[in-house]
Amino acid sequence: MKTRLVFLGPPGAGKGTQAIVIAKKYHLARIATGDILRDAIGRGSALGLKAKEFMDRGDLVPDDVVNAILKDKIHNTPDGFIIDGYPRTIEQANFLQSAIEIQRVIYFDAPEEILVQRIVNRRVCPVCNAVYNKLENPPAVEGKCDLDGAELFHRTDDIEEVTRERIKTFWQKTAPLVDYYFHKGLLAKVSAERNVGEVTAEIEFAIQTE
Ligand code: AP5
């Protein structure tokens with residue numbers, strides 16, 4: 001069983017949704033750089049102020065900033081983990097390799113129109129980071145988290161214009177990592193346009209096989 005995992009894929013592919021399911025089932029820690037950055041923005045910290053301008057326009061936060069976050073989290077995390085949304089550049093991947101050995105990289109593959117539809121309809125819990133979708137996976141009570149009742153929010157970068165920019169950024173800066181990890185023998189591709197349960201099953205197969 002592989003327990004040091006990276007979830008790689010374009011915005012809206014379902015990385016966060018699956019990271020929550022797999023982390024819970026296999027008792028793994030979840031390190032999500034996007035959540036950490038949004039938390040910093042929410043607290044108005046120096047890190048948040050620096051990150052916000054990049055996130056709001058759909059660009060990547062500079063490598064040195066996210067590498068420092070990753071280093072801190074990895075050092076404070078027990079053995080099994082899922083890193084969700086990192087690395088996103090070759091430089092980040094090289095940094096990660098120098099910090100810790102990864103056992104499997106799950107690549108979430110899905111067409112752009114599905115990604116956009118999922119993102120513009122996404123709603124997130126500010127307390128527990130649970131992810132919902134107005135069409136595919138609505139909460140029991142509209143606008144409220146099923147788990148803690150908090151008011152769900154629509155991420156500021158989830159409007160269509162910024163979403164398309166984020167997808168473009170993925171293809172320019174992050175997609176080269178698919179080849180990078182394929183050549184290291186670490187890559188497993190899943191069909192992320194399938195339903196949540198089917199994608200979970202593909203991931204479980206990928207982390208349980210050699
Ligand atoms: P981040 O928060 O990581 O966003 P992202 O990578 O753009 O990914 P998303 O959160 O949009 O999508 P997801 O794949 O997790 O999908 P989800 O499961 O929510 O990063 C935000 C920003 O932070 C970046 O743009 C960048 O600026 C910065 N950043 C973060 N990390 C960085 C790094 N390493 N370097 C530099 N900058 C960094 O699902 C989406 C929706 O679809 C939900 O509504 C969900 O309910 C639904 N859904 C999920 N799976 C399915 C399914 N199988 N079928 C139907 N619906 C589904």
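This is a predicted model: local features need pLDDT of at least 70, side-chain atom pairs count only at pLDDT 80 or more; totals for chains, interfaces and linings use all residues.
Residues are numbered from 1 along each chain as its sequence is written, and side-chain values use heavy atoms, with hydrogens and water left out.

A backbone N or O atom of glycine 12 lies 2.8 Å from a ligand oxygen, and a backbone N or O atom of glycine 16 lies 2.9 Å from a ligand oxygen. From the side chain of arginine 88, an N or O atom is 2.5 Å from an oxygen atom of the ligand. Of the 1000 Å² of accessible area that the ligand has on its own, the protein covers 96%, as computed by the Shrake-Rupley method with a 1.4 Å probe; for residues, only the protein chains shown count as cover.

Aromatic side chains give a second way into the structure. Rings of Phe, Tyr and Trp (its six-membered ring) are taken as a pair if their centres lie within 6.5 Å, and planes under 30 degrees apart count as stacked, over 60 as edge-to-face and the rest as tilted. The count by this rule comes to three aromatic pairs. One of them is the tilted pair of phenylalanine 7 and phenylalanine 108, with 5.3 Å from centre to centre and 55 degrees between the planes. This pair links distant parts of the chain, since phenylalanine 7 belongs to strand β1 (residues 4-8) and phenylalanine 108 to strand β4 (residues 104-109), 101 residues apart. Phenylalanine 7 is buried, with a relative accessible area of 1%, and phenylalanine 108 is buried at 0%; buried means under 20% relative accessible area, exposed over 50% and partly exposed in between (1.4 Å probe, protein chains only). Phenylalanine 170 and tryptophan 171 form an edge-to-face pair, 5.1 Å centre to centre with 80 degrees between the planes. Within it, phenylalanine 170 is buried at 4% relative accessibility, while tryptophan 171 is partly exposed at 46%.

In helix α9 (residues 196-208) one finds glutamate 204, which is buried, with a relative accessible area of 13%. The side chain of glutamate 204 makes a polar contact of 2.3 Å with the side chain of tyrosine 26; such a contact is a pair of N or O atoms within 3.5 Å, and within protein one atom must be able to donate a hydrogen and the other to accept it, while residues adjacent in sequence count only if both atoms are side-chain atoms.

The backbone has its own points of detail. Most residues other than glycine have a negative phi, and most peptide bonds are trans. The peptide bond from tyrosine 86 to proline 87, however, is cis, with omega near -5 degrees, and proline 87 lies in the loop between β3 (81-84) and α5 (90-99). Threonine 89 is placed in the loop between β3 and α5 and is buried, at 11% relative accessibility; its C-alpha atom is 7.8 Å from that of proline 176, although 87 residues separate them along the chain. A positive phi, near 55 degrees, occurs at histidine 27, in the loop between α1 and β2 (29-32), where histidine 27 is exposed at 72% relative accessible area. Asparagine 129 has a positive phi near 65 degrees; asparagine 129 sits in the loop between β5 (122-124) and β6 and is partly exposed, with a relative accessible area of 28%.

Notes. Helices (H or I, at least four residues) and strands (E, at least two) are DSSP runs, numbered from the N terminus.
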